[in-house]
Amino acid sequence: QVQVVESGGGLVQPGGSLRLSCEASGSIFSINAMGWYRQAPGKQRELVAAVTSGSSTNYTDSVKGRFTISRDNAKNQVYLQMNSLEPEDTAVYYCNVEVRHRFYTRSFSYWGQGTQVTVSS
């Protein structure tokens, strides 16, 4: 069993900044990748940013230059620094973790409950 918990969401004005945190805990042998997704009401869930075990990163075009994803492998944590926030960034942000368990070669995907980010004046 793996628990994934996000934190750091809230209300921020346009142009402001926010830092999201995600921590994975439980029966974890290794983590292949961690990522952030978001979903606005009535819209599809989309990938925002991800970081692999090799520390390579990728971002959705709409957040490039504004968001930065980073990780702390020792703590099983991943962060999303969000700058120059826009109203269009308003959504529930979910942390996703791809985990390898002991005695299994394949990986398993786990999701957090999400944290609300609202960008409004």
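Modeller: Charges first: Lys and Arg count as positive and Asp and Glu as negative, while His and the chain ends are not counted. Each charge sits at NZ of Lys, CZ of Arg, CG of Asp or CD of Glu. On that basis the 11 positive and 9 negative charges of the protein have mean positions 8 Å apart. Mind that this is a predicted model: local features need pLDDT of at least 70, side-chain atom pairs count only at pLDDT 80 or more, and totals for chains, interfaces and linings use all residues. Residues are numbered from 1 along each chain as its sequence is written, and side-chain values use heavy atoms, with hydrogens and water left out.

Colleague: What makes the secondary structure come to zero helices?

Modeller: A helix is a DSSP run of H or I with at least four residues, a strand a run of E with at least two, numbered from the N terminus. The protein comes to zero helices and 11 strands.

Colleague: How do you know which strands pair with E4?

Modeller: Two strands pair if DSSP finds at least two bridges between them. Strand E4 (residues 30–39) has nine bridges to strand E9 (residues 91–100), running antiparallel, so the pair qualifies. E4 and E5 form a hairpin with six residues between them, and Gly42 in the turn has a positive phi of about 75°.

Colleague: Why is Phe103 called exposed?

Modeller: Exposed means over 50% relative accessible area, buried under 20%, partly exposed in between (1.4 Å probe, protein chains only). Phe103 has 76%, so it is exposed. Phe103 is found in the loop between E9 and strand E10 (107–111), and its phi is near 75°, positive in a residue other than glycine.

Colleague: How do you know that the radius of gyration agrees with a compact globule?

Modeller: The radius is taken over C-alpha atoms, and the globule rule is 2.2 Å times the number of residues to the power 0.38. With 121 residues that gives a value near 14 Å; the protein has 14 Å, so the two agree.
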